[in-house]
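Here are my notes on the model. Please read them with the structure open beside you.

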Amino acid sequence: MFDALSDRLEVVFKKLRGAGKLSEKNVQDSLREVRQALLEADVNYKVARDFVKSVQEKAIGDEVLKSIEPGQQIIKIVHDELVTLLGGQAEPMAPIDKSPTVYMVCGLQGSGKTTLAGKLALQAKRKNKKPMVVAADIYRPAAVKQLKVLADSISVEHFHLEGKKPQQICAEAVKYASKNFIDLVILDTAGRLHVDDELMKELEEIKSLTNPDELLLVADSMTGQDAVNVAREFHDRLDITGVVLSKLDGDARGGAALSIRQVTGCPIKMASVGEKLSDLEPFHPDRLASRILGMGDIISLVEKAEETIDLEKAEKMKEKILKSQFDFEDFLEQMQQVRKMGPLDSLLGMIPGAGKALKNVQVNEKDVNRMLAIIQSMTIEERRNPKILDGSRKRRIAAGSGNSIQAINQLLKQFAAMQKMFNNMNRMKMKGLPKGMMPF
Amino acid sequence: MANPFQKLRESLSKTKDNILGKISRVVLRRKIDDDLLEEIEEILIEADVGVKATMRLIETIREKAVQENLTEGEQVIDLLKNEIRSILLSNDTDESPIETKPVVWLIVGVNGVGKTTTIGKLATHLSNQGKKVIIAACDTFRAAAIDQISIWADRARVDIIRSQEGADPASVAFDAAQAAKARQADILLVDTAGRLHTKSHLMEELKKIRRVIDKAVEGSTILSKLIIDGSTGQNALNQVRVFTDAVGCDGLIITKLDGTAKGGVLIAIAEELEVPVEFIGLGEGVEDIQEFDSSKVVEALFE
Ligand SMILES: Nc1nc2c(ncn2[C@@H]2O[C@H](COP(=O)(O)OP(=O)(O)O)[C@@H](O)[C@H]2O)c(=O)[nH]1
Ligand SMILES: [Mg+2]
């Protein structure tokens, strides 16, 4: 987050300010930064190189060179190209329309297969389908039990044959399903530390015995350069139909996804965003593109906000932000709304530029409570116009909220930084700040 | 049991081929120029040597080539070997701190890196050295995690202190720490639930576990060991930073290093971090763990 590409490009272009016109060389310099940012996001070297080449051709046009904010212009081109490469639009999973439809889940150990099997089952259930999970990982200690516990927790049928080989377990499961009106069979297969021939053979056999409608590779979004090799080997042997990116709830930039997409040509279909079984989302290429570039994930944030926040209020708030009229009154209201949305840190990571504005600020619940106490000790007038806060007012607030004057000064500073961030965002004209845009 | 160095050499053989092997082929009959350096850069990045270490290696070659008037591609090899060696050896320390028993190893890391398996292997490894080991099953969150660690405890033939799924991990830790003291254990290995470092409430929970242990066995040495999956990319650095802030980090354990070409991450870690790597995981069996010895790794990579 902290080395967001936009910060770095700003540095490149700052050097040029006053130099008059931009040249092709300047564009090349900035694309070198882009390439570096991609590598730091774990995009495969060759993929990054080819990508930058193709962007270069587009970026050396007049529009970029003459534009007022060439840095933003280049980021926009890079972003759009990334979205295209990532598949443009979210692609749906194979429909659950057979008796039964079969999803087979595969991937390396610890990537999140078993958890995904549970998540897919829950999702099917919510669509009024009858799913069944099949435990075919007979190697990892307690893996069968793990799936059983997950299945029980959502009242989904669990299939396993003690002492049988995975191939047989899966084949029997499909037979059982077709007799018992199961709509969706989800096969949780074994993983290994790394791709090995024995495992691939097992998976090939399971595939040919069960004929899955969807063969999903689960890829950990924290994976480095090895992602390409893993994806290639799975794809060569199994012809996967889609990729699920897991652990996107962390702060990995997720460049591995781009590499996997490039190498396999397979769509990334879902994003796994937490340990709870409800933490599964359709994959959105545009969001991942922002993330790879270190631009945060504003849209997820807004969606989260929309689920919990009074829309009308939020619209008003957005107006205020756009007009730079945001004051402590609004801040207070926002904070109270936001608390309903979940842990602050996970929200904060999604805000573009927040990393920069709040660089040295540790945000935790305690700090937030302190902030709220301070603001609540202000008069309405003070909240609307913090400029009037002089020494004696600050002392009163300090005493009233049980804080030091320093704490109050710090909050004022943070608030000013935030206002500045909003101004920047306004300037960046973030793609149509969607309705309900939340500032914090 | 196979000779450990042999095992290390085999495990890292693909990494070796992937770094030095490839570079040796690329430099054959070539002059040192921008094109060649770019190809070397590609090889290093793809071996997960990391952006920072790679850029530094390339810059060093560029400078030294000028200073020492080197022109032939093959001359790059020795430069690289020397630089990589000095990176890998840079984190070595030879002081061994005084420890008060029971020494507690708090095993932490993000989801799916192999904490539980590593504890199983560590238990075996440490018992084989004649130490009395106890395991605390503090991953009470993930489904069947307690069963999984119990199986490993059986395999290693060590005691385990456990509770039910959903129990408060700190209270399991407390009981385990007291048991470790009462039973005069040398080492208590504390398994914790995987957690992404970005979730502050989970990091708070970890701090609490540490505080509680501190209370239960006052004066004991408590060490946090962070497990990192060898196939993790640049995010490994964030992981170290945040876990260090929360519960400290006395050493790293890098897992899943066998068989594939992922060993480059050891160079990235040594370049960017001060924390020493203490163990490496080289497979799924109980014996597949080794104390990290940088000079041995250098030997396995280069000779
Ligand atoms: N934070 C987070 N953790 C996940 C996610 N998916 C899986 N996990 C965790 O990752 C670990 C390994 O998952 P598991 O499903 O057992 O992986 P498998 O070995 O591929 O079956 C477990 O601790 C899961 O709780 C995710 O999207 N986010
Ligand atoms: Mg599993």
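What percentage of the 440 residues in chain A is buried? Buried residues make up 47% of chain A. A residue counts as buried if 20 or more other C-beta atoms lie within 10 Å of its own, as exposed if 12 or fewer do, and as partly exposed in between, with C-beta atoms placed from the backbone.

1. Ground rules. This is a predicted model, where local features need pLDDT of at least 70, side-chain atom pairs count only at pLDDT 80 or more, and totals for chains, interfaces and linings use all residues. Residues are numbered from 1 along each chain as its sequence is written, while chains are lettered from A and ligands numbered from 1 in the order in which they are written.

2. Chain A overall. Chain A has 21 helices and 8 strands. Helices (H or I, at least four residues) and strands (E, at least two) are DSSP runs, numbered from the N terminus. Take the contacts in chain A between residues at least 6 apart in sequence: 77% of them join residues at least 24 apart. Two residues are in contact if their C-beta atoms, placed from the backbone, lie within 7 Å.

3. Asp50(A) sits in helix α3 (residues 45-59) of chain A. Why is Asp50(A) classed as partly exposed? Because 13 other C-beta atoms lie within 10 Å of Asp50(A). Now look for Ile154(A). Asp50(A) and Ile154(A) are 104 residues apart in sequence, and their C-alpha atoms are 45 Å apart in space.

4. Where the chains meet. Chain A puts 34 residues in contact with 34 residues of chain B. On the chain A side, α2 (24-40), α7 (143-153) and α16 (344-348) each supply at least two residues. The largest share, 4 residues, comes from α7(A). By class, this side of chain A has 11 nonpolar, 13 polar and 10 charged residues. Ala, Val, Leu, Ile, Met, Phe, Trp, Tyr, Cys and Pro count as nonpolar, Asp, Glu, Lys and Arg as charged, and the others, Gly among them, as polar.

5. Ligand 1. Which chains surround ligand 1? Residues from chains A and B do, so the site is shared between chains. Of the 22 residues around ligand 1, Gly112(A), Lys113(A), Thr114(A), Ser272(A) and Asn111(B) come nearest. Here a residue is near a molecule or strand if its C-beta atom, placed from the backbone, lies within 6 Å of it. Helix α6 (residues 113-126) of chain A gives the largest share of the shell, 3 residues. The shell has 2 nonpolar, 14 polar and 6 charged residues.

6. Two domains in chain B. Chain B is divided into domain 1 (4-89) and domain 2 (103-302). These bounds come from an automatic or database domain assignment. Taken over C-alpha atoms, the centres of the two domains of chain B are 32 Å apart. Their contact takes 27 residues from domain 1 and 27 residues from domain 2. On the domain 1 side, α1 (4-11), α2 (13-27), α4 (51-67) and α5 (75-89) of chain B each give two or more residues. That side divides into 14 nonpolar, 4 polar and 9 charged residues.

7. A covered strand. Strand β1 (residues 103-108) of chain B is mostly covered, with 5 of its 6 residues buried. β1(B) runs parallel to strand β4 (residues 187-192) of chain B, joined by 5 bridges. β1(B) also runs parallel to strand β5 (residues 222-229) of chain B, again with 5 bridges. Two strands pair if DSSP finds at least two bridges between them. Leu106(B) stands opposite Val190(B) in β4(B). In β5(B), the bridge partner of Leu106(B) is Ser224(B).
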